[in-house]
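Colleague: I would like to learn how to read helix packing and cavities in a model. Can you take me through one?

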Amino acid sequence: MPANSLLEVRNLKTYFDVRGGVLKAVDDVSFTIETGETLGLVGESGCGKTVTANSIMRLVPIPPGRIAGGEILFEGVDVLKLTASEMRKVRGNKISMIFQEPMTSLNPVFTVGDQVAEVISLHKKLSQREIRDRVIEAFRLVRIPAPESRINEYPHQMSGGMRQRVIIAMALACNPKLMIADEPSTALDVTIQAQILDLMNNLKEETGASILFITHDLGVIAEMAQRVAVMYAGKIMEAADADTLFGDPQHPYTIGLMTSIPILGIGKKEKRLSTIPGMVPSLFKLPPGCLFHERCSVPYTECGQLEPPMIDLGHGHIVRCHKYA
């Protein structure tokens, strides 16, 4: 494990045994997150991003899910080998998660202050007064105005943006070293989304926490991440630092994603938005060879026969493509 790595995922395989067969939601995924770094995990819906996050948190339902292979090293310890009680001490304390939908993530019958206090009381031996002060400080940290009074509100009394700030406060309450943000701004309107992203960038600077930021929005990734990993049908297809990935993408899928981003131009003739032909393959019936070859604009003969290896292009830029093999 590299010296500065906080999290290292090695060859992770998370499968689901369902009636139609074995669904390989995450298949041989590897990446690292350095201390104080934000890694963006990007890809289409259903590609395995959330299952990867749930695997790290040990929240995959067993059955039907199972970790079929690999390691998840957090501070050098494989969390997959921890007992359930040992993992509870890590989850919400050292590793926390910000979920996508704030309304369903909060219990409607408890005040938001009580819900954040519960997280603190599970992991810290503090008095009720100290816990209350810590909740207020967490609310203040995520820029919730008048935190002393708002801790007594119920979720339905708050706007979507404020509820998401409560979720972030809950994630920050125990000063975690790693935060996993699973599309934390998707359910919000554009203005509030921008506020939440600015808030997370500021919190990262203030707390020094590392972030695994999961999204399908490349624009959000460009704002948030230092490094980016592109996922497709359960596999990492390309990974590099953000400047390299956006400036010089190498995998045909990454290039397809980049060219499908709408760009506003003054005085330019409008043209149709570029699209990637075809559909994502069914995880029940994955094609042989490269998973993307049926949609690729520049396929090689071996693409439909042999699975491409992960090739290191240097400077941390890796790509899974026969073009470079």
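Predicted model: local features only at pLDDT ≥ 70, side-chain atom pairs only at ≥ 80, totals over all residues.

Colleague: How do the axes of α4 and α7 cross, and at what angle?

Modeller: Look at the angle between the axes. Helix α4 covers residues 112–123, and helix α7 covers residues 160–172. Their axes come within 9 Å and cross at roughly 20°. Angles under 35 degrees count as roughly parallel, so α4 and α7 are roughly parallel to each other. The crossing of α4 past α7 is right-handed.

Colleague: Which residues of α4 and α7 meet?

Modeller: From α4, take V112, Q115, V116 and V119. They meet V166, A169 and M170 of α7. By class, this contact has 6 nonpolar residues, 1 polar and no charged.

Colleague: What about α7 and α8: how do their axes cross?

Modeller: Helix α8 spans residues 190–207. The α7 and α8 axes come within 11 Å and cross at roughly 20°. That makes this pair roughly parallel. α7 passes α8 in a right-handed crossing. On the α7 side, the contact uses G161, Q164, R165, I168 and L172. On the α8 side, the residues include I192, I196, L199 and L203. The contact of α7 with α8 divides into 7 nonpolar, 4 polar and 1 charged.

Colleague: How many cavities of 30 Å³ or more does the search find?

Modeller: The search of the whole structure finds 1. The largest cavity has a volume of about 70 Å³.

Colleague: Which residues line the largest cavity?

Modeller: Among them are H251, H293 and H322, along with C290, C296, C303 and C321.

Methods
Residues numbered from 1 in each chain as written. Heavy atoms only, no water. Axes fitted to C-alpha atoms, helices over the stretch in contact; angles between N-to-C directions. Helix = DSSP H or I, 4+ residues; strand = E, 2+ residues; numbered from the N terminus. Parallel < 35°, antiparallel > 145°, perpendicular 65-115°, else oblique. Left-handed = near helix turned anticlockwise from the far one by under 90°. Contact = heavy atoms within 4.5 Å. Nonpolar A, V, L, I, M, F, W, Y, C, P; charged D, E, K, R; others polar. 1 Å grid on protein atoms, 1.4 Å probe; cavity = no way out; pocket = protein on both sides within 12 Å on 5 of 7 lines; lining within 4 Å. Points joined across faces, edges and corners; volume = space filled by probe spheres on them.
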